[in-house]
Amino acid sequence: MPTLHKSRRMLFMLAAMCFCQASVGCVRRRMTVRTNPPGAMVSVDNQVIGASPASTPFVYYGTREFRVEADGYRTETIRRRFNPPWYQWPGIDLVAETLWPGEIRDERIIDVTLVPKTLPASEEIIARADGLRRQSNSGMVTAPRQ
C-alpha cells in the first residue's frame with residue numbers, strides 16, 4: 001500500500017512540473033532604431049548597439065537616451081520615454097511574466113531622419129577669427145577667470 005501512495009505522489013509531482021513548464025509566460029521587449037539614411041552608429045544610454053537599423057532587448061521601462069552619429073550628418077540626441085503597457089502594471093505583470101501560456105512581444109521603434117551637416121561660409125569663419133583677434137589684441141577677456 002505505501003508503494004501506491006508513493007507512486008501517486010510522484011505522478012502528482014510530474015504533472016505539476018509539466019503544468020509549470022507548459023504555463024511559463026514570457027514578455028520579450030525589444031527596441032529598434034531606424035535611420036534615414038541607414039548605416040548610422042546608434043548608442044542607447046551611452047552603449048553602442050550597432051549600425052542602423054539596430055535592435056537591442058531591454059528589461060526596464062522609463063526614459064532612454066538615443067545618440068545617432070553618421071559622417072556628413074548632424075549628431076542627433078533623442079530622449080524617449082517608454083511607458084509600460086497595461087500587462088506590465090503591478091499585479092498583472094505576475095500573470096504576464098509567469099502564468100500566461102504564450103509569449104508577449106513589446107516592440108518599440110524609433111525612427112530618426114538625419115540632417116546633413118552645414119558648414120558656415122568662409123566669410124563668416126574669417127569674420128569670427130578677426131573678432132577673436134581684435135579681442136585678444138585689446139586684452140578683453142570673454143571667459144571668467146578662476
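## Reading arginine 34 and its surroundings

Mentor: Through its side chain, arginine 34 makes a polar contact with the side chain of aspartate 111 at 2.7 Å, a polar contact being a pair of N or O atoms within 3.5 Å where, within protein, one must be able to donate a hydrogen and the other to accept it, and where residues adjacent in sequence count only if both atoms are side-chain atoms. This is a predicted model, in which local features need pLDDT of at least 70 and side-chain atom pairs count only at pLDDT 80 or more, while totals for chains, interfaces and linings use all residues. Residues are numbered from 1 along each chain as its sequence is written, and side-chain values use heavy atoms, with hydrogens and water left out.

Trainee: Which residues is arginine 34 in contact with, leaving aside its neighbours within four places in sequence?

Mentor: Contact means heavy atoms within 4.5 Å, and on that basis arginine 34 touches Pro53, Ile109, Ile110, Asp111 and Val112.

Trainee: What should helix H3 span, at 1.5 Å a residue?

Mentor: The expected span is 1.5 Å times one less than the number of residues, so the 17 residues of H3 (residues 122-138) should span 24 Å, which agrees with end C-alpha atoms 24 Å apart. Helices (H or I, at least four residues) are DSSP runs, numbered from the N terminus. After H3 comes glycine 139, with a positive phi near 80 degrees.

Notes:
Helices (H or I, at least four residues) and strands (E, at least two) are DSSP runs, numbered from the N terminus.
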